[in-house]
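Thanks for taking a look at this one with me. Here are some numbered notes to read alongside the structure.

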Amino acid sequence: PYADIPKAVFIGITGCGKSSILCSLSHKELLITWVGKIMHLEGEGIGTDLFSYTSIPCIEPSLNLKTILVDCPGFEDLSGVEQEILNIFSIKKIFENYGNKENKFKIILVISCEEFKAERGAKMISSFSMLNKMFTINEKLKNNLGVIVTKTEPDFSGFDYLYELNHTLKKMDEEKRKTLPNCLFDICEFLVNNPKHIFTFPHPSYKQKGQQYDFEDHENVLKFLNA
């Protein structure tokens, strides 16, 4: 039924915060809860353990958008190889054309700030590698690609992380560059030169505990999706 409606497809590693973002964009309850001094977000469809809550793409029609929001199963699902294969298959179906209707979509790559640091950035590189496997990286795709960096500290923005990454990649010697996906260099350069494609979904503050969560880039994300 949504074949001819533009879609915003959220992809990323399990636990990066896709479902939390969709809760916020859909104006659903998204409460800031806590265990000791560790803050968590609690809402519909958000996992509370080490395993992915989203096992099939979740389609969220929104009255405030001309776009359908799609929360995809996470990459590197801890449920095992069989679930990973099902995830890839179900995500692929989203991008198929039906009848004579053109399937229009924007891709939102969600990356936790922790991915930039963990294992020397291996998790972050994995996210870009999956993007490279799923799509042909060309100008059309880049113009329809947004990146949301989640769980950031108050003084940092998503742009800060991408800028640092791009700076590091430029200093890298040729032999090391060959070990990384080509799209990583191409997309990072594009994003840094087009900061309106980068958004921030910060970690909730202890002072906000018990409140409904929202984020400063909320309206900027909606504008990007509706453009």
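**Notes for a first look**

1. Of the 227 residues in the chain, 48% count as buried, meaning under 20% relative accessible area with a 1.4 Å probe and protein chains only; over 50% is exposed, and partly exposed lies in between. This is a predicted model, in which local features need pLDDT of at least 70 and side-chain atom pairs count only at pLDDT 80 or more, while totals for chains, interfaces and linings use all residues. Residues are numbered from 1 along each chain as its sequence is written, and side-chain values use heavy atoms, leaving out hydrogens and water.

2. The chain has nine helices and eight strands, taken as DSSP runs (H or I of at least four residues for helices, E of at least two for strands) and numbered from the N terminus. Among contacts (heavy atoms within 4.5 Å) between residues at least 6 apart in sequence, 69% join residues at least 24 apart.

3. Leaving aside residues up to four places away in sequence, Phe128 touches Leu109, Ile111, Leu165, Cys183, Leu184, Ile187 and Cys188.

4. A search of the whole structure finds seven aromatic pairs. Rings of Phe, Tyr and Trp (its six-membered ring) pair if their centres lie within 6.5 Å; planes under 30 degrees apart are stacked, over 60 edge-to-face and the rest tilted. Phe105 and Phe135 have ring centres 6.3 Å apart and planes at 40°, so this pair is tilted. Because Phe105 lies in strand E6 (residues 105–112) and Phe135 in the loop between helix H4 (122–134) and helix H5 (139–143), the pair ties together parts that are 30 residues apart in sequence. Phe105 is partly exposed at 27% relative accessibility, whereas Phe135 is buried at 11%.

5. Phe116 and Tyr161 form another tilted pair, 5.4 Å centre to centre with 40° between the planes. Phe116 belongs to helix H3 (residues 113–117) and Tyr161 to helix H6 (residues 158–171), 45 residues apart. Both residues are buried. Ring pairs also bring in Phe156, giving a cluster of Phe116, Phe156 and Tyr161.

6. Two charges sit over rings, a label used if NZ of Lys or CZ of Arg is within 6 Å of the ring centre and within 35 degrees of the ring normal. Lys106 lies over the face of Phe224, 5.5 Å from the ring centre. Arg177 lies over the face of Phe185, 4.1 Å from the ring centre.

7. Finally, a hairpin. Strand E2 (residues 30–35) and strand E3 (residues 38–43) pair in the antiparallel sense over six bridges; pairing needs at least two DSSP bridges. Trp34 stands opposite Met39 in E3. With two residues between the strands, the hairpin has Gly36 at a positive phi near 65°.
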